[in-house]
Amino acid sequence: MWRRYRPSRPGAPPPAAPPEPAAGADAVEAAGPRRHELATLALTYLAGGITTSLVVSQWASAGVTLLAATIMYSATGELALVAVLAAGGSVVAGILSGLLVSARFGLLCVSLAQRFGGRWPERAAAAAISVDPVVAVALAQPTAERVRRTYWRVSWWMFAGWIIGSIIGLVLGSRLGDPKALGLDVVIPASLVAIVVGAARSADAITGAALGAVITLVLVPVTPGGVPVLLSVAGAALALLVRPSRPAVAGPPTPDAGRDEPEGPA
(Lines give C-alpha, C1' and ligand atoms only; values in the text may rest on other atoms or scores of the structure.)
Protein backbone atom coordinates (compact mmCIF):
# COMPACT_ATOMS: atom_id res chain seq x y z
CA MET A 1 0.00 0.00 0.00
CA TRP A 2 1.43 3.34 -1.03
CA ARG A 3 2.02 5.98 1.61
CA ARG A 4 1.27 9.62 0.81
CA TYR A 5 4.39 11.76 0.48
CA ARG A 6 4.53 14.56 3.01
CA PRO A 7 7.13 17.27 2.42
CA SER A 8 9.12 18.35 5.43
CA ARG A 9 8.25 21.61 7.09
CA PRO A 10 10.43 24.63 6.31
CA GLY A 11 13.34 24.87 8.74
CA ALA A 12 12.93 21.30 10.01
CA PRO A 13 16.23 19.43 10.64
CA PRO A 14 17.15 16.78 8.08
CA PRO A 15 16.41 13.19 9.04
CA ALA A 16 19.21 11.39 10.87
CA ALA A 17 21.34 9.07 8.80
CA PRO A 18 20.90 5.37 9.58
CA PRO A 19 23.67 3.86 11.69
CA GLU A 20 26.43 2.16 9.80
CA PRO A 21 26.51 -1.61 10.13
CA ALA A 22 29.18 -3.19 12.28
CA ALA A 23 32.28 -4.41 10.53
CA GLY A 24 31.81 -7.97 11.77
CA ALA A 25 34.25 -9.94 13.87
CA ASP A 26 37.05 -7.44 13.27
CA ALA A 27 35.01 -4.69 14.89
CA VAL A 28 34.25 -6.86 17.90
CA GLU A 29 37.92 -7.73 18.35
CA ALA A 30 39.00 -4.12 17.96
CA ALA A 31 36.48 -3.05 20.60
CA GLY A 32 38.14 -5.29 23.14
CA PRO A 33 36.68 -8.18 25.13
CA ARG A 34 33.38 -7.72 26.90
CA ARG A 35 32.81 -8.38 30.56
CA HIS A 36 31.43 -11.89 30.11
CA GLU A 37 34.42 -12.75 27.91
CA LEU A 38 36.78 -11.47 30.59
CA ALA A 39 34.92 -13.53 33.18
CA THR A 40 35.34 -16.62 31.00
CA LEU A 41 39.09 -16.05 30.78
CA ALA A 42 39.27 -15.51 34.54
CA LEU A 43 37.36 -18.73 35.23
CA THR A 44 39.68 -20.63 32.89
CA TYR A 45 42.75 -19.40 34.74
CA LEU A 46 41.02 -19.99 38.08
CA ALA A 47 40.63 -23.66 37.15
CA GLY A 48 44.26 -23.80 36.03
CA GLY A 49 45.38 -22.20 39.28
CA ILE A 50 43.45 -24.76 41.33
CA THR A 51 44.95 -27.71 39.46
CA THR A 52 48.51 -26.40 39.49
CA SER A 53 48.51 -25.31 43.11
CA LEU A 54 46.94 -28.62 44.10
CA VAL A 55 49.99 -30.40 42.70
CA VAL A 56 52.62 -27.92 43.88
CA SER A 57 51.32 -27.88 47.46
CA GLN A 58 52.14 -31.58 47.79
CA TRP A 59 55.88 -30.85 47.50
CA ALA A 60 56.22 -27.24 48.65
CA SER A 61 55.11 -25.24 51.65
CA ALA A 62 52.13 -22.89 51.52
CA GLY A 63 54.39 -19.84 51.30
CA VAL A 64 56.47 -21.27 48.46
CA THR A 65 53.33 -22.36 46.62
CA LEU A 66 51.80 -18.87 46.71
CA LEU A 67 55.14 -17.26 45.88
CA ALA A 68 55.53 -19.50 42.85
CA ALA A 69 52.00 -18.78 41.68
CA THR A 70 52.61 -15.03 41.94
CA ILE A 71 56.04 -14.60 40.40
CA MET A 72 55.89 -17.44 37.84
CA TYR A 73 52.26 -17.08 36.76
CA SER A 74 52.70 -20.22 34.69
CA ALA A 75 51.69 -23.82 35.14
CA THR A 76 54.80 -25.04 33.33
CA GLY A 77 57.02 -22.87 35.51
CA GLU A 78 55.49 -24.26 38.69
CA LEU A 79 55.78 -27.80 37.37
CA ALA A 80 59.48 -27.17 36.79
CA LEU A 81 59.72 -26.09 40.45
CA VAL A 82 58.05 -29.32 41.55
CA ALA A 83 60.35 -31.38 39.31
CA VAL A 84 63.38 -29.92 41.07
CA LEU A 85 61.90 -30.38 44.55
CA ALA A 86 60.86 -33.96 43.78
CA ALA A 87 64.44 -34.68 42.66
CA GLY A 88 65.78 -33.43 45.99
CA GLY A 89 66.83 -29.97 44.84
CA SER A 90 66.60 -26.81 46.89
CA VAL A 91 63.77 -24.29 46.80
CA VAL A 92 66.08 -21.64 45.33
CA ALA A 93 67.12 -23.91 42.47
CA GLY A 94 63.49 -24.84 41.88
CA ILE A 95 62.34 -21.22 41.76
CA LEU A 96 65.14 -20.28 39.38
CA SER A 97 64.19 -23.21 37.15
CA GLY A 98 60.56 -22.17 37.19
CA LEU A 99 61.39 -18.56 36.35
CA LEU A 100 63.60 -19.74 33.50
CA VAL A 101 60.74 -21.77 32.04
CA SER A 102 58.24 -18.94 32.54
CA ALA A 103 60.54 -16.36 30.93
CA ARG A 104 59.50 -17.57 27.49
CA PHE A 105 56.19 -15.73 27.87
CA GLY A 106 58.03 -12.43 28.16
CA LEU A 107 59.26 -12.90 24.60
CA LEU A 108 55.64 -12.55 23.46
CA CYS A 109 55.80 -8.87 24.37
CA VAL A 110 58.33 -8.24 21.61
CA SER A 111 55.39 -8.03 19.22
CA LEU A 112 53.90 -5.25 21.38
CA ALA A 113 57.09 -3.23 21.77
CA GLN A 114 56.23 -0.65 19.12
CA ARG A 115 52.60 -0.15 20.16
CA PHE A 116 52.50 -0.51 23.94
CA GLY A 117 54.21 2.71 24.97
CA GLY A 118 54.89 3.53 28.61
CA ARG A 119 58.15 3.76 30.51
CA TRP A 120 60.46 0.85 31.16
CA PRO A 121 59.08 -0.06 34.66
CA GLU A 122 55.59 -0.46 33.24
CA ARG A 123 56.89 -2.36 30.23
CA ALA A 124 58.88 -4.69 32.51
CA ALA A 125 55.79 -5.33 34.65
CA ALA A 126 53.76 -6.05 31.51
CA ALA A 127 56.36 -8.57 30.34
CA ALA A 128 56.33 -10.27 33.76
CA ILE A 129 52.62 -11.15 33.49
CA SER A 130 52.54 -11.76 29.76
CA VAL A 131 50.54 -14.75 28.52
CA ASP A 132 49.27 -15.76 25.11
CA PRO A 133 45.60 -14.60 25.31
CA VAL A 134 46.52 -11.16 26.63
CA VAL A 135 48.97 -10.43 23.84
CA ALA A 136 46.58 -11.74 21.18
CA VAL A 137 43.70 -9.55 22.37
CA ALA A 138 45.91 -6.48 22.76
CA LEU A 139 47.35 -6.81 19.27
CA ALA A 140 43.83 -6.70 17.81
CA GLN A 141 43.30 -3.14 19.07
CA PRO A 142 43.47 -0.29 16.52
CA THR A 143 45.42 2.33 18.51
CA ALA A 144 48.37 2.34 20.89
CA GLU A 145 46.22 3.67 23.73
CA ARG A 146 43.70 0.87 23.25
CA VAL A 147 46.51 -1.69 23.12
CA ARG A 148 47.87 -0.56 26.45
CA ARG A 149 44.48 -0.25 28.16
CA THR A 150 43.22 -3.61 26.90
CA TYR A 151 46.43 -5.34 27.88
CA TRP A 152 46.15 -4.30 31.52
CA ARG A 153 42.41 -4.87 31.67
CA VAL A 154 42.64 -8.46 30.44
CA SER A 155 45.78 -9.12 32.49
CA TRP A 156 44.21 -8.18 35.81
CA TRP A 157 41.15 -10.34 35.22
CA MET A 158 43.25 -13.38 34.34
CA PHE A 159 45.82 -12.80 37.07
CA ALA A 160 43.06 -12.45 39.68
CA GLY A 161 41.54 -15.75 38.53
CA TRP A 162 44.95 -17.45 38.71
CA ILE A 163 45.72 -16.25 42.26
CA ILE A 164 42.24 -17.07 43.59
CA GLY A 165 42.47 -20.51 42.02
CA SER A 166 45.94 -21.03 43.51
CA ILE A 167 44.61 -20.23 46.99
CA ILE A 168 41.73 -22.67 46.53
CA GLY A 169 44.11 -25.36 45.31
CA LEU A 170 46.38 -24.74 48.28
CA VAL A 171 43.49 -25.24 50.70
CA LEU A 172 42.37 -28.41 48.92
CA GLY A 173 45.93 -29.71 48.74
CA SER A 174 46.36 -29.49 52.50
CA ARG A 175 43.54 -32.02 52.89
CA LEU A 176 45.06 -34.64 50.58
CA GLY A 177 47.26 -37.50 51.64
CA ASP A 178 50.40 -38.90 50.08
CA PRO A 179 50.73 -37.49 46.55
CA LYS A 180 52.32 -40.73 45.29
CA ALA A 181 49.32 -42.72 46.51
CA LEU A 182 47.08 -40.42 44.46
CA GLY A 183 49.28 -40.70 41.38
CA LEU A 184 50.22 -37.02 41.38
CA ASP A 185 53.92 -37.88 41.07
CA VAL A 186 53.24 -39.01 37.50
CA VAL A 187 51.64 -35.67 36.56
CA ILE A 188 54.93 -33.75 36.61
CA PRO A 189 57.04 -35.81 34.16
CA ALA A 190 54.02 -36.48 31.94
CA SER A 191 53.20 -32.78 31.71
CA LEU A 192 56.77 -31.77 30.93
CA VAL A 193 57.09 -34.47 28.27
CA ALA A 194 53.83 -33.30 26.69
CA ILE A 195 55.16 -29.73 26.58
CA VAL A 196 58.42 -30.78 24.94
CA VAL A 197 56.67 -32.99 22.38
CA GLY A 198 54.20 -30.25 21.54
CA ALA A 199 56.99 -27.72 21.03
CA ALA A 200 59.23 -30.00 18.96
CA ARG A 201 57.86 -29.00 15.57
CA SER A 202 61.09 -27.94 13.90
CA ALA A 203 64.61 -29.26 13.53
CA ASP A 204 65.97 -26.53 15.81
CA ALA A 205 63.50 -27.39 18.59
CA ILE A 206 64.20 -31.12 18.34
CA THR A 207 67.96 -30.52 18.40
CA GLY A 208 67.70 -28.20 21.40
CA ALA A 209 65.50 -30.66 23.33
CA ALA A 210 67.85 -33.56 22.58
CA LEU A 211 70.96 -31.62 23.62
CA GLY A 212 69.23 -30.41 26.78
CA ALA A 213 68.27 -33.97 27.67
CA VAL A 214 71.85 -35.17 27.16
CA ILE A 215 73.23 -32.34 29.34
CA THR A 216 70.73 -33.16 32.08
CA LEU A 217 71.50 -36.89 32.06
CA VAL A 218 75.24 -36.22 32.25
CA LEU A 219 74.93 -33.75 35.14
CA VAL A 220 72.34 -35.55 37.28
CA PRO A 221 74.84 -37.92 38.97
CA VAL A 222 77.43 -35.23 39.72
CA THR A 223 75.48 -32.04 40.54
CA PRO A 224 72.86 -31.08 43.15
CA GLY A 225 69.19 -31.33 42.27
CA GLY A 226 67.95 -28.49 40.12
CA VAL A 227 71.31 -27.60 38.62
CA PRO A 228 70.94 -29.94 35.60
CA VAL A 229 67.61 -28.29 34.75
CA LEU A 230 69.17 -24.83 34.84
CA LEU A 231 72.16 -25.83 32.74
CA SER A 232 70.09 -27.76 30.21
CA VAL A 233 69.16 -24.42 28.64
CA ALA A 234 72.60 -24.57 27.04
CA GLY A 235 71.08 -27.11 24.67
CA ALA A 236 69.02 -24.36 23.04
CA ALA A 237 72.12 -22.19 22.60
CA LEU A 238 74.04 -25.07 21.06
CA ALA A 239 71.12 -25.80 18.72
CA LEU A 240 71.31 -22.23 17.42
CA LEU A 241 75.06 -22.47 16.92
CA VAL A 242 74.93 -25.69 14.94
CA ARG A 243 71.95 -24.62 12.83
CA PRO A 244 72.73 -25.60 9.22
CA SER A 245 72.83 -22.82 6.68
CA ARG A 246 69.94 -22.94 4.25
CA PRO A 247 70.77 -22.75 0.55
CA ALA A 248 69.52 -19.73 -1.30
CA VAL A 249 66.25 -20.33 -3.10
CA ALA A 250 66.40 -19.46 -6.78
CA GLY A 251 63.80 -16.98 -7.91
CA PRO A 252 61.42 -17.48 -10.82
CA PRO A 253 63.01 -17.34 -14.28
CA THR A 254 62.82 -14.06 -16.13
CA PRO A 255 61.08 -13.82 -19.49
CA ASP A 256 64.47 -13.52 -21.20
CA ALA A 257 65.95 -16.53 -19.40
CA GLY A 258 67.21 -19.19 -21.74
CA ARG A 259 67.52 -16.91 -24.73
CA ASP A 260 70.82 -16.66 -26.52
CA GLU A 261 72.42 -13.27 -26.30
CA PRO A 262 72.82 -11.61 -29.71
CA GLU A 263 76.31 -11.72 -31.00
CA GLY A 264 78.09 -8.40 -31.26
CA PRO A 265 79.67 -7.07 -34.39
CA ALA A 266 82.73 -8.94 -35.53
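# Reading pockets and helices in a predicted model

Q: By class, which residues make up the lining of the second largest pocket?
A: In this predicted model, the lining of that pocket has seven nonpolar, two polar and two charged residues.

Q: How much space lies in the second largest pocket, and which residues are closest to its centre?
A: The space in the second largest pocket is about 180 Å³. Eleven residues line the pocket, and Y45, S74, A75, T76 and F105 are the closest to its centre.

Q: How many helices and strands does the protein have?
A: The count is 14 helices and zero strands. Read from the N terminus on, the elements therefore run α-α-α-α-α-α-α-α-α-α-α-α-α-α.

Q: What share of the protein counts as buried?
A: A residue is called buried when its relative accessible area is under 20%. By that cut-off, 28% of the 266 residues count as buried.

Q: Among contacts between residues at least 6 apart in sequence, what share joins residues at least 24 apart?
A: Contact here means heavy atoms within 4.5 Å. In this protein, 70% of the contacts between residues at least 6 apart in sequence join residues at least 24 apart.

Q: Which residues of helix α3 are buried?
A: Helix α3 covers residues 62-72, and its buried residues are V64, T65, A68, A69 and M72. Seen down the axis of α3, these buried residues fall within an arc of 135°, so they line one face of the helix.

Q: Which helices do the buried residues of α3 pack against?
A: The partners are α2 (35-56), α4 (75-86), α5 (91-102) and α9 (144-173).

Q: What is the phi of Y73, which follows α3?
A: The phi of Y73 is positive, near 50°. A residue with positive phi also follows α4: this is G88, with a phi near 95°.

Q: How far does α4 reach from its first C-alpha to its last?
A: With twelve residues, α4 reaches 16 Å, close to the 16 Å expected at 1.5 Å a residue.

Q: Why is α4 called largely enclosed by the rest of the structure?
A: Nine of the twelve residues of α4 are buried, so the helix is largely enclosed. The buried residues are T76, G77, E78, L79, A80, L81, V82, V84 and L85.

Q: What is the relative accessible area of E145 in helix α9?
A: E145 is found in helix α9. The value is 48%, so E145 is partly exposed. E145 and F116 are 29 residues apart in sequence, and the distance between them in space is 7.5 Å, C-alpha to C-alpha.

How values were computed. Residues are numbered from 1 along each chain as its sequence is written. This is a predicted model: local features need pLDDT of at least 70, side-chain atom pairs count only at pLDDT 80 or more; totals for chains, interfaces and linings use all residues. Side-chain values use heavy atoms; hydrogens and water are left out. On a 1 Å grid over the protein atoms alone, a cavity is a set of points where a 1.4 Å probe fits but cannot get out, and a pocket is an open set with protein on both sides within 12 Å along at least five of seven lines; lining residues have an atom within 4 Å of a point. Grid points are joined across faces, edges and corners, and a volume is the space filled by probe spheres set on the points. Ala, Val, Leu, Ile, Met, Phe, Trp, Tyr, Cys and Pro count as nonpolar, Asp, Glu, Lys and Arg as charged, and the others, Gly among them, as polar. Buried means under 20% relative accessible area, exposed over 50%, partly exposed in between (1.4 Å probe, protein chains only). Helices (H or I, at least four residues) and strands (E, at least two) are DSSP runs, numbered from the N terminus. The arc is that of the directions from the helix axis to the C-beta atoms. The expected span of a helix is 1.5 Å times one less than its number of residues.
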